Amino acid sequence: MSRRALRRLRGEQRGQEEPGLGELGLDGGREGLSPPVGAGRGHRGPSCSGVSNRFELITAEESEDEPPPREERANARLSERDAAGGKNEGAVTKETEGDGQRDGEEAEQPDQTPVLSNKPRKKKKKRKTKKTSAGETLEDNDLEDIDSLLEKIEDTSGLSQQTQSGIIADSRPLLYVEHRNLNPENELKRYFGARAVLGDQRPRQRQRQYVRSTWLTAPKNTWPRYSKTGIAMQLVDTRRGVQHFTFEHHREYQQVQFKFLDAVESMDPNNIVLLLQMNPYHVDSLLQLSDVCRMQEDQEMARDLIERALYSLECAFHPVFSLTSGTCRLDYRRPENRAFFLALFKHLMFLEKRGCPRTALEFCKLILSLDPENDPLCVLLLIDFLSLRAREYTFLTRIFQEWESHRNLSQLPNFAFSVPLAYFFLSQQEERSELEISQARERAARLIQLALIMFPSVLMPLLDRCSVQPDARVTSHPFFGLNAQISQPPALNQLTSLYVGRTHSLWKDPAVMAWLETHVHEVLRMVDARDPLVEDSEHKR
């Protein structure tokens, strides 16, 4: 039977039983702790060989109860102690000097054994802390490596795939909106750095009272505290995976709306200011006062009022309404929804003037995703210009490829000229393969010739705005002359003037002008050869 079972039967605890004299190797009549004079280690009993006193039996029993790995560690530590402390070992072997000296040695030994047994435990704790600290640093490094890898994958090939035509197309929905691109500060940080953009704003943001986070705008400390304005959004229905929403005005907001209409009819902006003092987040009042400030050339205040209107509308969003999915619709014909369209469009124009074309393009995609079939604000006349300014050439070519079949985008002058220009810029990118560059160059040549044949009235105003004098052959030829501008309808003249006024700065590049000149002469050759394509384009105009 084991010692543990014997202790349980006797009701004793471990280490409290008194060992017998026979186990200690002592005489029957001797009750002292020290062995007889002249007795060495060889005189002890066989059951307790190597034991000098009863205290070593306690440590021996504890070591027997412990699992085998700890016994191996204790044996290794005892061997190291014996090798290091030769002097102590010599003092212990001299047991024949007397009982008093033996008593003194045995009195010191019980104090030494617990100290020696505690030293390895302290070392073990130190080793554990070292391992955990090293593990934490390794985990941090792994997390940083994972983040860097995810960023590389997102920037390179994770979000795009190769199409059969050789041009990279995005695998996400066409009108997918990214949250990070809705913040103009992110774009300004890429241009000028975070320190130049933020400056002294960091401590102010920590003390900001507004807790609610929004995507369209960031609330400012100068704004009044937000409270419910009486606007809500409701889900109307869901058809073919597309969700249709609408804004609704509660009775309190309708009363404020009637006051706003009276203030507009009074033709006095001060009445709108008084109304905003009572209702600081009334959307229509904010939009109207923003127009007044813009006409008074107070651009900063006008932009701030538009951002406050967007913040008020975003706080009323339905929980299911998503800005990024591209599957949420709003009907512009409903009066309650128009304020959101107008606020987004005005904010887009301020972003473009501020020098943030990438953010403006993202808001343009957002407006188009709310009603892509009708496009009530005609953002298709603007999206090509923003794509070229933001250098999002792949997006422009993709929307042209996907929507040309059912929207006839080539019948618009802005797409007819901007898409070949985007292909030309793609052909100038050195990081692309030779196949992609050659295909982009061929498409750019074919599309720019079609654009010049379809809309010949664009060339001369474009060269005039770019301060470029055409050669004698172009000026003398009637195809690009004044007759081309007079013969076309007024609506086409308006579209042409809008496109030239917006995008003429993108055509001033000498490489672009040289490329354009080559294809202008090629079009004149086709006109002189009476190509049937010229007559078809004239009928389409």
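Q: In what kind of crossing, left-handed or right-handed, does helix 14 pass helix 15?
A: Keep in mind that this is a predicted model. Helix 14 covers residues 335-354 and helix 15 covers residues 357-370. Where helix 14 passes helix 15, the crossing is left-handed.

Q: Are helix 14 and helix 15 roughly parallel or roughly antiparallel to each other?
A: The two helices pack with their axes 8 Å apart, at an angle of about 160 degrees. Angles over 145 degrees count as roughly antiparallel. So helix 14 and helix 15 are roughly antiparallel.

Q: How many nonpolar residues does the contact of helix 14 with helix 15 have?
A: Helix 14 brings residues including F340, F341, L344 and F345 to this contact, and helix 15 brings A360, F363 and I367, among others. Besides 2 polar residues and 1 charged one, the tally by class gives a nonpolar count of 12.

Q: Are helix 10 and helix 12 roughly parallel or roughly antiparallel to each other?
A: Helix 10, residues 251-265, packs against helix 12 with the axes 9 Å apart and an angle of about 25 degrees. Angles under 35 degrees count as roughly parallel. That is why helix 10 and helix 12 are described as roughly parallel.

Q: Which residues of helix 12 make the contact with helix 10?
A: By class, this contact has 4 nonpolar, 3 polar and 1 charged residues. On the helix 10 side you'll find Y253, Q257, F260 and V264. Facing them from helix 12 are V283, D284, S285 and Q288.

Q: How many residues apart are Y226 and Y281?
A: These two form an edge-to-face aromatic pair, 5.2 Å centre to centre with 80 degrees between the planes. Y226 sits in the loop between helix 9 and strand 3, while Y281 sits in the loop between helix 11 and helix 12. The pair links distant parts of the chain, with a separation in residues of 55.

Q: Which residues form one aromatic cluster?
A: The structure holds 18 aromatic pairs. One of them is F417 with W507, edge-to-face at 6.4 Å centre to centre and 70 degrees between the planes. F417 is in helix 18, and W507 is in the loop between helix 23 and helix 24. Both belong to a cluster made up of Y393, F417, F424, F425, Y499, W507 and W515.

Conventions. Residues are numbered from 1 along each chain as its sequence is written. This is a predicted model: local features need pLDDT of at least 70, side-chain atom pairs count only at pLDDT 80 or more; totals for chains, interfaces and linings use all residues. Side-chain values use heavy atoms; hydrogens and water are left out. Axes are lines fitted to C-alpha atoms, for helices over the stretch in contact, and angles run from 0 to 180 degrees between N-to-C directions. Helices (H or I, at least four residues) and strands (E, at least two) are DSSP runs, numbered from the N terminus. Angles under 35 degrees count as roughly parallel, over 145 as roughly antiparallel, 65 to 115 as roughly perpendicular and the rest as oblique. A crossing is left-handed if the near helix is turned anticlockwise from the far one by less than a right angle, and right-handed if clockwise. Contact means heavy atoms within 4.5 Å. Ala, Val, Leu, Ile, Met, Phe, Trp, Tyr, Cys and Pro count as nonpolar, Asp, Glu, Lys and Arg as charged, and the others, Gly among them, as polar. Rings of Phe, Tyr and Trp (its six-membered ring) pair if their centres lie within 6.5 Å; planes under 30 degrees apart count as stacked, over 60 as edge-to-face and the rest as tilted.
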